[in-house]
Each structure stands twice: as C-alpha cells, then as structure tokens.
Amino acid sequence: MATSPLLSVEHLEVQFKTQDGIVRAVNDVTFHVDRGETLGIVGESGSGKSVTAMSLMRLIPNPPGKIAGGRVMFDGEDLLQLSEPDMRHIRGNRIAMIFQDPMTSLNPVLTIGRQITESLELHMKLSNREARRRAVELLQMVGIPSADRRLDDYPHQFSGGMRQRVMIAMGLSCNPELLIADEPTTALDVTIQAQILELIKRLQHELGTAVIIITHDLGVVAGMADRVQVMYAGRIVEEGPTSEIFAQPRMPYTIGLLRSIPRLDDEQGRKLNPIRGLPPDLINLPQICPFSPRCDYFQAGQCDAQVPPLRDVAPDHRAACLFDITLETPVTAGDPVSA
Amino acid sequence: MTTQVIAVEQPVERPVESQWSIVRRRFLRHRMAVSSLILLVVLFGASLLAPWIAPFPRDAIDLNAQFLAPMSRNPATGALHILGTDHIGRDLFTRVLYSARISLMLAVLVATLTSVIGAIMGLLAGYYLGWVDTLITRSLEFISTFPFLTILLILTSLLLQSPDLIPIPGAFIALIQYGTGVPGDEAASLALIVLALAVLSWTGTARLMRGMVLSVREQPFIESARALGASNRRIIMRHVLPNSLPPLIVDYTLAINGVLVLESALSFLGYGVQDPTPTWGNILAIAESNMLNHPWMPLVPGIPLVIAALAVNFVGDGIRDAFDPRSVLGGAGATG
C-alpha cells in the first residue's frame, strides 16, 4: 500500500456569489481517500457534500461559484493548479463521477453505445470497433442483458435502474482510480437501489477503484463505506470508521441523525424523532458552532464563542464538538458537561 | 442477481427507433404537410425543366404582343400565351415558371444563411454566457432596433448601385448562379440581396437558439459529459446542438416563408431583384403598375406565390407537430 493517500483535500473553501451575498458552501474541509477504500460523505441538503464532490472535479460553475482556497492533491498533483486540458484528461479517465438522476443524465438523442464510447474515444483513443467491443464488455459487466443489441438503443428505452447501470458503465469505462457517486440511488426505488449498491460494491472489489459515495441516506453508507464523514453547514463535523460512527457517534448532529431514523422494531404509532430547527443560512455564518442553535447539549458562552475544531475522540475518530458527548449523555439543556 | 435482472428487464421486441425516425414517421402522417412538400417539389422541379418546357425564351421581348390576356394568341406569330404577356410582350407563363426556381432558391439560401449565422451566434451566447453573451445579445438588440425595411431598402439600393462596395466570394456567386440558373451578372446582384437579407434577419434565430441553449446547458447530461472529460467544443457539437435542433428546424421553414414574402415586398418597392431576372415579386411589381387596365396581371405571379408560401407554412406545421410528442395527428392514436 502506498503511504500517501490517493486523494487528499486540504482546507477546501468553495463560495458562490449570489445577489444576497457570498454563500460559503464549503468551509475549511480536509479529508483523504486511500486507494481502493470507500468513503461515505453524509449530510442533509445544502450541507456542501455535492459541492465538495464537484470541486474535486473542478465542475463548479464559475461564475457564480469559486474555489476560494485549499488544495486537492490527487496522486501527488494539485488538481486546482492544473490547466483545463490537463484537467479534462483527469475527468472521466482517472476520476469518474456518477450523478443522482439517471433519467436526465443521459443525452436523449444519442444511442447508449455512442455515449459509452464517448470517454473511450476521449481518453483511450480506441478505434470504433475496439470501443464498441469494450462498450459491450462494460454493459455485460454492469448486468445489462443482450448488451450487444442494446448498444443501439436510446436512453428512453431503458428503465431508471438500467440507466443508472449504464451511467456506472460509463463511469468505469476507463478504469478510473477514483469514482465519485453523488447520491447514485436517490432517484431509484428501494429494490433497484439495493441492486445498484451491490453492483458498485462488486465492481469496486473487482477493479480496485476507490469510491466516494455521497448520500443523505445513512443506510446506504452503513452498507457501503469503510469510513464516514458527516458534513454540516459546509464543514466536516465528524469522521471515523463506519462502525464507530454508527455505534459511538460523538457529535450531537450525528447523534440526532441516528436518532431520527425510524426503526422496524419500534412500537406502532411512535412519532419520528427529528432534529429541531433548520440548518443555518450559509451567507451569514457567525464564528460559532454551526449546529449550536439546534443542539440539545448547547452550552452558552462556549458553543457560541468559537467554531469547534475537529478533535480526536477515539483512534481514527474525530468530532467537531467541544464536549465529550455520547449516545448515553442525558439530554438536559443547561446541565454542564465537562470538557 | 443477474438472472433476476434478465427475467425482469428482458426488452420487449420492438424496432429500434431514433428520435429522427419517429419524427419522420409522424411527419409522413401529416397529410397537408406531405402534399405541400410534394407540391413544392413539383413546382421546383418544373422550374428546373423550364429551359426545355417553357414555350418562349425567358427574356424574349415582343413589342407586338404587349399586355396580352391569358390564353390569347400572338397577333404576329399566332403562338399561344397561356398566361398572357407583360408590358414589353414577354410571355408570363415562361417567366413565372423560371421565377419559381429563382424565388424558392433565394428563399432557401437566405433562410439557410440566416439560420446558420443565428444558430452559431445563439449557441455561442447561450453556452459561454459572460462577455460573449453580452456582446452578441447587445449587437442583435442593436440590429433589431433598426427600422428593418428602411435599412434594407437603403442597403440594397446602395449595394445595387455600387456592387463592388462589398467583395463577394466568387464561390458564393457561383452557388447562386448554379442554384437559380441565371447568368453570372444577374447572380452577382442576387448575391447582394441574399447577403443584405441574411445580415438583417439572423437576430430572431439567434434569440431562439440562445433560449434553447440556456435550457439545454443546465441539463444533467451536459454536466455528466463534462465529468467524462469532454471539451466545450465537443459538448456544444455533440450534446447541446442536437438537443436544441427541433425548434431551429421549424424556425427554418418559417424563415423560408418569410423571405419568400419579403423578397416580393422588396421587389414590389423596386429594391429587390432587378428586371430582367424574373421573380414572383418583381413580376408582381410590374403587374401592379398596370393593374387598373389589366386586372388579371397580378394574379399570374400572385397565385403561385401565395400557394408556395402556404405550402412552406404547412410543411413547417407538419415538422413542428412531428417534433411535439403531445400532438395527436388526425386521431391516429398513440405514437412511439
């Protein structure tokens, strides 16, 4: 195993200029992905998880978006410093991306075959016949029957699950070292969702691809990821091995997320247990703990005095909370918890 | 898992149909559009054969046979003038036949130029946005604030008086000469009119295209193409353009129609295609000055002009319906 991680993101800052002011979508985000591992990024809408992923590929629309600072080291190179043609050579070739909505992520006027061979033509300089043979291989690999014939079909002739399989085939066509899956199953129903996740997992093992899976679905992460990081208001608020995060969450936000999952063995008629309040406005972010207005363990004078840094709470497990809070900590606002 | 998938997702046997073949099939079911298209082809085809089937040479002047009514015979030679003659005794059937090719060709050329210029401008503006968009949008706004007809009249009269003002590529003149079948010197002045019309009328197409591109460029498949490493040029040519094409095609047929009528109006005012090159428009212009004494005269070029304009319109209608998945054609039922 190489000592340096495949991807390491350092102090990433992404901002969007809007009429109301500058939206700080990603703030000081630092993380890494090792070769072959699966990293889950969890968070609610607007927490910056998709923007983080898009900035790795330098796909943030500019204007209004801007990567305001930080480094994205991929295999020893800072992607943010690359020229556009060099970056194009990375996209689809060494880092690939699967998008959320397979219904609209395929061009409706081109056959599936032409879309799959697109990146083969772009990056591998294959001849038409070779590209076609490879496309058939890829479709078989993602489990599409009569692949050879279906290459000449158009996207509207495929179901949602089949289209997501095609998207995965497109993403993996050049054997990328890193696959970013941005909510790959959100638009699919539950059974298809399981099949697609199973497929990604299988292919990852076969090809040794590192995967970043972005989702708001904790169930997806639990089944897929080796490590999880939780994002809130553009910051990473907790990160650690998947089992740790689920068994021993140390950040009140993560605890809230886990408590809000309905359980099959709950008594009938029990209400859902949501986190109260709303995520903060990313335009006027005060220098306080971003979760403090919604936190059950809020301590006046401490939580609203600084942005809590990520600190080690267990081996390989870090949380951005000033206090040692666990699932067992009683929810009694005002009761001081020792730091 | 794989076996399950095969069982569930086995595709139903059906012919593979591209969007274009669906459109073609739906168009062919539109009766008015198809008959209009056939009519236009026949009209143009007959005009192509004019040198062989026309009863007289195109510009043969016969001062013994001025203002002959339709179906009358030449007093000197006894030859039949099916649609009569004009003020200098030229056979109108011959001239109307020749002018079908010229008028339709001019309309197609201007519409093509307009659509190409407009589409390129619209694509650039809508895709790149920023200063490119500002530049193109402002300049097309500037052009559309011109009083169109006045500028056109000034431009054409200027160009017709001093043809060397703008150097026109020989290939373009040759194209017009080949397309319309007129002699070289006439082709040069036709080229001027084609250019003048095209330069002033691309703005509508550009706007249409820009709007289309603005919506297409936000589609997820554009982003996914970019994530595959496609360059801007590739994205424009392969993803944006094909998806913005349907309204452009409809706009194109309507532009043909517009030019057909505009050229007549221009000729009618005396600034269009110059005599002796015949077009429906300038035959109409001559007829107009003699209309009170010879009321049949405007009808001779007028009727084919109206029929052709209507036919082009119907074809455009047919294409639009063929592209619109919601339209139901003549109760033919659901379509693919």
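How many residues of chain A are in contact with how many residues of chain B? I began with this question, keeping in mind that the model is predicted, and I found 41 residues of chain A in contact with 29 residues of chain B.

**Entry on the interface.** I next looked up the area, and noted that chain A and chain B bury about 3100 Å² between them, with 56% of it on carbon and sulfur atoms. For the charged pairs, I found 3 salt bridges across the interface of chain A and chain B, and I looked up one of the salt bridges in the model, in which the side chain of A:Glu121 meets that of B:Arg238 at 3.6 Å, N to O. I also recorded 11 residue pairs in polar contact between chain A and chain B, both residues being at pLDDT 80 or more.

**Entry on the chain A side.** I then listed the elements of chain A that give two or more residues to the side touching chain B, and these are strand E6 (95-98), helix H3 (112-124), helix H5 (147-150), helix H6 (160-172) and helix H7 (190-207). H3(A) gives the most, with 7 residues. Sorting this side of chain A by class, I noted 16 nonpolar, 13 polar and 12 charged residues.

**Entry on A:Gln15.** Finally I turned to A:Gln15, which lies in strand E1 (residues 7-18) of chain A.

How values were computed:
Residues are numbered from 1 along each chain as its sequence is written. Chains are lettered from A and ligands numbered from 1 in the order in which they are written. This is a predicted model: local features need pLDDT of at least 70, side-chain atom pairs count only at pLDDT 80 or more; totals for chains, interfaces and linings use all residues. Side-chain values use heavy atoms; hydrogens and water are left out. Helices (H or I, at least four residues) and strands (E, at least two) are DSSP runs, numbered from the N terminus. Contact means heavy atoms within 4.5 Å. Buried area is the accessible area (1.4 Å probe) that two parts lose on being put together, summed over both. A salt bridge is a side-chain nitrogen of Lys or Arg within 4 Å of a carboxyl oxygen of Asp or Glu. A polar contact is a pair of N or O atoms within 3.5 Å; within protein, one must be able to donate a hydrogen and the other to accept it, and residues adjacent in sequence count only if both atoms are side-chain atoms. Ala, Val, Leu, Ile, Met, Phe, Trp, Tyr, Cys and Pro count as nonpolar, Asp, Glu, Lys and Arg as charged, and the others, Gly among them, as polar.
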